Amino acid sequence: EQLIHTFLLLARDEDLSGLNSFISKEYIRNLIIDIEPTIKANQVEFHQQLQCEFNIAAQSLLFSAVIKNLLKNAINCSIAGNVDLFISPERIDVIDNGVGLDAKPRGYEGFGIGLNIVRDICEKYHWQFSIKNNESKGCTASVIFKKSS
């Protein structure tokens, strides 16, 4: 149901001028609750940091879809590894020490749609999305918000 709602919101051409979502500790905690079973099943050491609470000109469901999709990818690629989530008014960073971009995680077969959804949401809001291998192990996915956010 959330995926369908995400697609419908992506398809809308909305005016962002009056749109505001409040990103708070409680907001992030509620997102993580949905992902906790996957964190436990994959034995991932998970850390999160919200630099400060802030407002962003974005649909709450789309903002949460970005975070959830980036986290699910990182967690599923980091079995018995580490995943860190950093959120600030300027950006989101998800850093893992998993298999990296060039390998498939053992036992994980997704549909490959999660990163496409992230890219589409970032394009809608004119955010910059990047994902790259870390020097040692794993990868870092980053979303940089436009200055007016």
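Predicted model: local features only at pLDDT ≥ 70, side-chain atom pairs only at ≥ 80, totals over all residues.

Reader: How do you know that the span of helix 2 agrees with what its 17 residues should give?

Author: The expected span is 1.5 Å times one less than the number of residues, and for the 17 residues of helix 2 this comes to 24 Å. The end C-alpha atoms of helix 2 are 24 Å apart, so the two values agree.

Reader: Where in helix 2 does the kink lie, and what angle does it have?

Author: The kink lies at Ile35, shortly before the proline Pro37, and amounts to about 50°. That angle is taken between an axis fitted to the seven residues ending at the site and another fitted to the seven starting there.

Reader: What makes Ser21 a buried residue?

Author: The label requires a relative accessible area under 20%, and Ser21, at 6%, therefore counts as buried. Ser21 has its place in strand 1, and, leaving out residues up to four places away in sequence, it touches Phe54, Asn55, Ile56, Ala58, Gln59 and Ser60. Ser21 and Ile56 are 35 residues apart along the chain, yet their C-alpha atoms are separated by 5.3 Å.

Reader: Why is Gln49 called partly exposed?

Author: Partly exposed covers what lies between the buried limit of 20% and the exposed limit of 50%, and the relative accessible area of Gln49 is 45%, so Gln49 belongs in that class. Gln49 is found in strand 2 and, with its neighbours within four places in sequence set aside, is in contact with Leu85, Phe86 and Ile87. Its C-alpha atom is separated by 9.1 Å from that of Lys25, 24 residues away along the chain.

Reader: Which strands form the open sheet, and in what order?

Author: Five strands form the open sheet, in the order 2-4-5-7-6, and their pairing is mixed. Strand 2 (45–50) and strand 6 (128–133) stand at the edges because each has a single partner strand, which leaves one side of each without a neighbour in the sheet. From one strand to the next, the twist averages 10°.

Reader: How do you know that strand 6 and strand 7 pair?

Author: A pair needs at least two bridges, and strand 6 and strand 7 (residues 139–144) are joined over six bridges in the antiparallel sense, so they pair.

Reader: What angles do helix 2 and helix 4 make with the strands?

Author: Helix 2 (residues 25–41) packs on the sheet, where it touches strand 2 and strand 4 (82–87), and its direction makes about 170° with that of strand 2. Helix 4 (residues 114–125) lies across strand 6 and strand 7 and runs at about 145° to strand 6.

Reader: What does the chain as a whole contain, and how much of it is buried?

Author: The chain has four helices and seven strands, and 45% of its 149 residues count as buried. Of the contacts between residues at least 6 apart in sequence, 72% join residues at least 24 apart.

Notes: Residues numbered from 1 in each chain as written. Heavy atoms only, no water. Helix = DSSP H or I, 4+ residues; strand = E, 2+ residues; numbered from the N terminus. Axes fitted to C-alpha atoms, helices over the stretch in contact; angles between N-to-C directions. Contact = heavy atoms within 4.5 Å. Buried < 20%, exposed > 50% of the residue type's maximum accessible area, 1.4 Å probe, protein only.
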